[in-house]
Every structure is written in structure tokens, then in C-alpha cells.
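Dear colleague,

I am passing on the structure we spoke about, together with some notes on what was found in it. Please have the model open while you read.

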Amino acid sequence: MPQGDKKLDNKPIVFPSAPDEPRFVYERTIFSSADVTTRKADSELKQLLTGAMEGGEGLGKPYAVAVYRGRIMVTDSVDRFVRVFNVPAGKYYKIGEDEAGSLVKPMGIDVDNAGNVYVADATAKSIMVYDQAGKFLRKIGGPKQFDRLSSVTVDHEGKRIYVVDIGGVSSERHQVRVFDATNGNHLFDIGKRGKGQGEFNLPRDVAIGKDGRIYVVDGGNFRVQVFDASGKYLQAFGSIGKQLGNFARPKEIASDAEGNVYVVDAAFGNFQIFNGDGDLLMYVGERSERDGPARYMLPSGIYVDEDGRIYMVDQWFRKVDIFRPIGLPAEGGYLGRRPTAAQK
């Protein structure tokens, strides 16, 4: 399937490229807080007179991303907190710096419908929960519950969280552990170590699709497995290979309002989009040693927001690429509400 058009004569970069009908357009990239925060009038005057650009805090080693009403939240495993880029407000802040809710190695992240933020801390082996302002609320799990904590996913109602234990050579905990999101009680587990139906080898991430379907990236088995809301196995799709629809190093997964699923592959340097039954629809991105729109060396996290925008994290280039559905205008949705310096 053809890749996106290259940006020539200021034409937008769209995916897929002609002659196929475009479905997404590259919108922007976030490298640092300077890409989001509103510059004051004196800063703009200084740039005009001296040419000096206002600096910002860049991403150290980003891993995963979640978005709530224009707040782009990125885990930074090196700097040990979550960076929040509040686009509609033109502001930037951090989650996980306070002593009560401090983070050691934040990896996976998700957000519920109320804006509460759930962060998987791989070193603490716990899920840390914050409100949308970054205030620490509670901790779920601990070293007794996990061997190698990888990611966390909250369901649409904010009632359950699905936590991936990636396991390892000496661990049998290759599984998804399900908890009550409010009180932290352990409810049940999905899967065990193996290659059969409903079994995992180095699982990576979870997405909740339509009808409560649970999609699990089964990294070491090079597939995505699908379960119903109770954890019953339904089907699987994908296999090892170099062709479209195959997987080589699948990482994180996301879902949209239509029930489509998006799977990042670090080896391919892209994300592939499937329908809910696992049929390939298209892909976006290419592996590259040079940075640019939809170019990736070490992609990891992915998220689809309320408006259908896609957010893709690359650890190597330390960025978040954003793609907009072709039918959504640039000023549409939460991310389109950008303040001016005069409004700040």
C-alpha cells in the first residue's frame, strides 16, 4: 500500500498517498514544551529583534502517550515523570514529581473519562493514579502482583484497569491482570505463558475496543489476541513476517470510536491500522535514520483521542507526531483550540 505523500510546495502530507483516497493528514510534531506553551508579547518582540528562540523542556526518553481533551500526556522514563502538554490552554506541567506520588520509571499510561491518569511504574511495580491536575490519588498493585510491569489500560467507564505483566525468561507471569479501578481489588487474570490460544509470550499492551473487546499485543508470538469483556478468548490476527499485516516487533496498541485498532511496530517504523476483526486497512510511517514527519527509528507509544487524532511516540527522535482525520478541520476538536499570546 502506498506511503504518504512527501511535503512539496507546502502541500499537506496525507496517508495513504494518491491514487488512494486520503484518510489522515500529518498535522504537527511536539518535541518540547516550547511547541505548546503560548509565548508572551515580550518574548515575541525579543525573537523579532534578536532572532533568539525561546527554549523549552524537551523529551528525555518518551515511551507512551495518552490524551484527554487536548492534554497530551507523555511518560518520560529517564526524567521520571509525565510531561503534560495542555494545548488548548497553552500550558505545560508535570505529573509525578511530588513526594507522595513520585515516579521512578513511568512506562504505560492511560486516562479515564473523568480525566484521571493511570501510570504504570515499572520499577515500583505499581499503578499510580492522579487526577487531571496531577494530584496523586492512590496506588494500585505492588511488587507482589507483578514481575515486569509494562502498561496500563482503563476501560471506557473507568471501572476496570488492565495491567500487562510482560514476564521474562525466568517468569511465568506473561499475562494481563485486571483490577477494580476504584478500590484496587484484583478481579481476575487473562492468559498464561505459552503459544496457544489465550496464552502469551512477552505481552506488551492492551486496548479496549467496541463491545468491550480486549485486544492484547502478544509480542513474542507476533500477534494480537482478542478476548471478550470477561476474558474469554475470541480470535487472533497477525504473524511474524515482513509483509503488510505481519509483525516483527509489535509494541503498543490503541483503538478508535469505530472499533479499529492501531498497532505500533518498532522494527517496521510504523503503525498499522486494522478493523476490529483484524483485517488490515492501511499503515502510516517508515523506518528512517533521519527525522521527519512519519519517520521513526524507535517508535513505541500510540493513542487515538476523542476527535480521532492519532499520536505516535518515537523514543529515538524524542518526539510525538500528530495525525488528523482528513474530515476534521485543523481548527476542529480539542487540539484545534489553541490560544494566542493575547489570550494568556
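**Notes on the predicted model**

N260 is found in the loop between β19 and β20, where strands (E, at least two residues) are DSSP runs numbered from the N terminus. This is a predicted model, in which local features need pLDDT of at least 70 and side-chain atom pairs count only at pLDDT 80 or more, whereas totals for chains, interfaces and linings use all residues. Residues are numbered from 1 along each chain as its sequence is written, and side-chain values use heavy atoms, with hydrogens and water left out.

With a relative accessible area of 8%, N260 is buried (under 20% relative accessible area, with a 1.4 Å probe and protein chains only). Beyond its neighbours within four places in sequence, N260 is in contact (heavy atoms within 4.5 Å) with residues including R23, F274 and L281.

The open sheet has four strands in the order β19-β20-β21-β22, with antiparallel pairing (two strands pair if DSSP finds at least two bridges between them). Its edge strands, β19 (250–255) and β22 (280–284), each pair on one side only. Within the sheet, strand β20 (residues 261–265) and strand β21 (residues 270–274) run antiparallel and are joined by five bridges, and V261 stands opposite F274 in β21.

Elsewhere, L328 lies in the segment after β27 (319–325) and is buried, with a relative accessible area of 17%. Apart from its neighbours within four places in sequence, L328 is in contact with D307, R309 and G333.

Conventions
Buried < 20%, exposed > 50% of the residue type's maximum accessible area, 1.4 Å probe, protein only.
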